[in-house]
Amino acid sequence: MSWGTELWDQYDNLSIHTNRGIEVLDKYANFLRDRVAIETEYAGKLRRLVKNYQPKKKEEEDNEFTSRQAFRNLLKEVGDLAGQREVVSETLQLQIIQGITLLSKTLREDRKKCLNDGTMLQQTLSAQLSALERAKRNYDKAYRDSEKAVENHKKADMDFNLSRAEVERYKNIMTSKIQQSDDAKNEYANQLQKTNNLQQQHYGILLPAVFNRLQELDEKRTRGIREFIIGAADVESSVAPIIARCMEGIVKAGESINEQEDSLKVIERYQSGFTPPPDIPFEDLSKMDSSIASNQSNYSNVTYNHMTIKGTISGPKFKKPRGGILNSIFGSNKNSLTADGQKEDYSDLPPNQQRKKLQAKIAELQHKVDQETNTRDGLMKMKIVYEANSSLGNPMTVEGQLNESEHELEKLKIDLKKYQGFLDKANQLQVVNNSPQSNRNQLQNGHRTSRHSNGSASADDHNDGDDQPDDAGSLSSSASPESGLGTSHTSLPGSGQGSANENAIGEEACYETEVELSPSIGTCRALYPFEATSEGSIPMSEGEELQVIEIDQGDGWTRVRRANNSNGWDEGFVPTSYIICTLFA
């Protein structure tokens with residue numbers, strides 16, 4: 001069915017309908033423009049959001065935590081999501097909106113031509129109808145005039161009072177009017193035939209052709225809207241897989257968070273490597289003389305070395321030394337400070353933190369050495385090429401750069417060797433601190449304390465108050481590994497060794513102290529065999545029953561005792577994780 005045959009008389013309504021259809025197309029184009037603006041604004045806001053929440057430079061050290069890594073990956077996925085929204089916006093603008101604009105312009109121009117053709121056809125038909133109407137009026141008038149002339153001629157012919165000449169005049173008038181009436185009749189008939197032919201052609205061929213063109217335009221407009229709507233949906237669908245992958249990335253980022261791993265990293269970052277301070281012994285002043293009481297009062301008034309609490313909550317933060325120019329002139333530069341106010345060997349940090357800083361510094365220096373080595377090798381190759389072919393360049397031009405590179409490389413190697421020495425020293429200290437006897441020895445404000453077989457502690461005073469270790473001869477003897485009795489000590493009653501502070505009490509009291517065995521506080525059973533490899537530890541076999549003398553003080557070692565074949569006792573330390581203890585109530 002076509003508009004030309006079915007709507008031959010609806011010219012005005014078709015004109016209005018096609019105009020409204022094009023307005024709908026323009027409205028859809030405006031809708032897409034507004035959507036593109038929203039998509040662009042949304043993508044821009046997402047990008048600003050990602051930029052605002054990017055980790056700051058001072059927060060880079062926290063990127064090792066899985067939660068921070070997940071958040072950084074989340075920001076990356078959101079940034080990719082913003083990029084896809086920009087792709088949707090640009091594609092809609094370039095493909096859909098421009099296509100709609102071009103189609104709307106073409107439809108308006110074609111509609112205007114069709115309407116102009118229809119208007120001309122209407123004007124031609126109207127003109128022909130006007131000509132037919134005029135011919136009809138002329139014929140009607142001529143016919144009435146001829147009728148009247150015939151009637152006048154008849155009256156004159158019957159009137160005997162009129163002359164022959166007058167009758168002849170009426171006759172001539174009648175003949176003339178009849179001729180005019182015939183001519184008007186022929187003209188009317190002619191115009192009627194032309195009008196009918198034009199009208200048939202107008203409503204049968206010309207105007208239907210115009211209406212069919214309008215129908216084609218309207219169908220083209222409708223088809224275009226359908227294609228553009230589908231195209232806009234295809235644009236959205238094309239980025240949907242990428243957006244889905246972004247969502248999957250966000251989910252994976254969330255699933256990658258491991259609270260236990262983060263907790264371990266917190267321990268790794270902030271663990272100082274120091275052991276907690278030991279228990280403060282009870283001071284029974286009634287059983288001590290004045291010298292012993294004075295010694296013990298010194299112990300009770302001690303403040304722990306600052307290194308034992310550095311890195312803990314209560315530990316003081318390191319501050320840059322003051323003193324201005326005088327300090328820089330007269331002060332020692334043994335441990336120079338870095339740009340961030342720390343010592344060059346990071347000895348002001350806890351052991352674990354010191355080793356981490358040194359390892360990071362060594363890795364940084366090694367990377368710089370590799371880069372500078374590559375630079376030097378490149379300059380040397382360039383110099384060799386220039387020497388072989390002087391037309392390529394003067395070898396002296398790279399001589400200065402090569403010397404500077406050699407100097408910088410030597411400087412970096414010296415720094416690398418220096419920091420490797422710092423790390424070796426720190427590792428040696430760590431090995432010593434990890435032994436059971438070093439874990440039980442504490443440096444407390446210039447006093448060294450050690451546990452005796454009876455659980456008491458003694459301290460060696462240092463007049464200079466320095467925190468350096470004492471000589472081997474100044475160490476207090478005890479039944480624990482730090483006493484220096486060897487891998488294991490047997491027959492305690494015959495050992496006859498004592499600490500320096502016991503001289504003030506007397507030989508008899510000292511002997512009684514040494515003979516008296518520490519009371520057993522429980523029993524333990526060995527879960528695994530243990531070979532004693534460090535000083536102060538004793539071996540044990542799987543399933544062996546031992547007496548517990550002293551529980552773990554937080555250093556991972558438990559002090560135990562067992563009878564030997566010589567009617568004596570073996571005492572020493574074993575790993576706490578290798579045994580299962582049953583303490584007495």
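Colleague: Is Glu544 buried or exposed, and what is its relative accessible area?

Modeller: Buried means under 20% relative accessible area, exposed over 50%, and partly exposed in between, with a 1.4 Å probe and protein chains only. Glu544 has a relative accessible area of 18%, so it counts as buried. This is a predicted model, in which local features need pLDDT of at least 70 and side-chain atom pairs count only at pLDDT 80 or more, while totals for chains, interfaces and linings use all residues. Residues are numbered from 1 along each chain as its sequence is written, and side-chain values use heavy atoms, with hydrogens and water left out.

Colleague: Which side chain does Glu544 meet in a salt bridge?

Modeller: A salt bridge is a side-chain nitrogen of Lys or Arg within 4 Å of a carboxyl oxygen of Asp or Glu. Glu544 meets Arg562 in this way, at 3.0 Å from N to O. Arg562 lies in strand S6 and Glu544 in the loop between S4 and S5, so the pair ties together parts 18 residues apart in sequence. Helices (H or I, at least four residues) and strands (E, at least two) are DSSP runs, numbered from the N terminus. Arg562 is buried too, at 17% relative accessibility.

Colleague: How many salt bridges does the structure hold?

Modeller: There are 24. One of them joins Arg213 and Asp117, with the closest N and O atoms 2.9 Å apart. That pair links distant parts of the chain, Arg213 in helix H4 and Asp117 in helix H3, 96 residues apart. Arg213 is partly exposed at 33%, and Asp117 is partly exposed at 29%.

Colleague: What does Leu92 touch?

Modeller: Contact means heavy atoms within 4.5 Å. Not counting residues up to four places away in sequence, Leu92 touches Arg35, Val36, Ile97, Ala232 and Val235.

Colleague: How many residues are in the largest nonpolar core?

Modeller: In soluble globular proteins, nonpolar side chains tend to be buried together. A nonpolar core is a set of buried Ala, Val, Leu, Ile, Met, Phe, Trp, Tyr and Cys residues joined through side-chain atoms within 4.5 Å. The largest one here has 31 residues, and Leu92, Ile100, Phe211 and Leu214 have the most contacts inside it. Helix H2 (11-52), helix H3 (66-158) and helix H4 (164-255) each supply at least two residues of this core.

Colleague: Where does Thr18 lie, and with which residues is Thr18 in contact?

Modeller: Thr18 lies in helix H2 and is buried, with a relative accessible area of 6%. Leaving aside neighbours within four places in sequence, its contacts are Trp3, Arg111, Leu214 and Asp218.

Colleague: How many aromatic pairs are there?

Modeller: A pair of aromatic rings is described by the distance of the centres and the angle of the planes. Rings of Phe, Tyr and Trp (its six-membered ring) pair if their centres lie within 6.5 Å; planes under 30 degrees apart count as stacked, over 60 as edge-to-face and the rest as tilted. The structure holds nine such pairs. For Phe530 and Trp557 the centres are 6.2 Å apart and the planes at 70 degrees, so the pair is edge-to-face. Both residues, Phe530 and Trp557, are buried. Ring pairs link Tyr528, Phe530, Trp557 and Tyr578 into a cluster.
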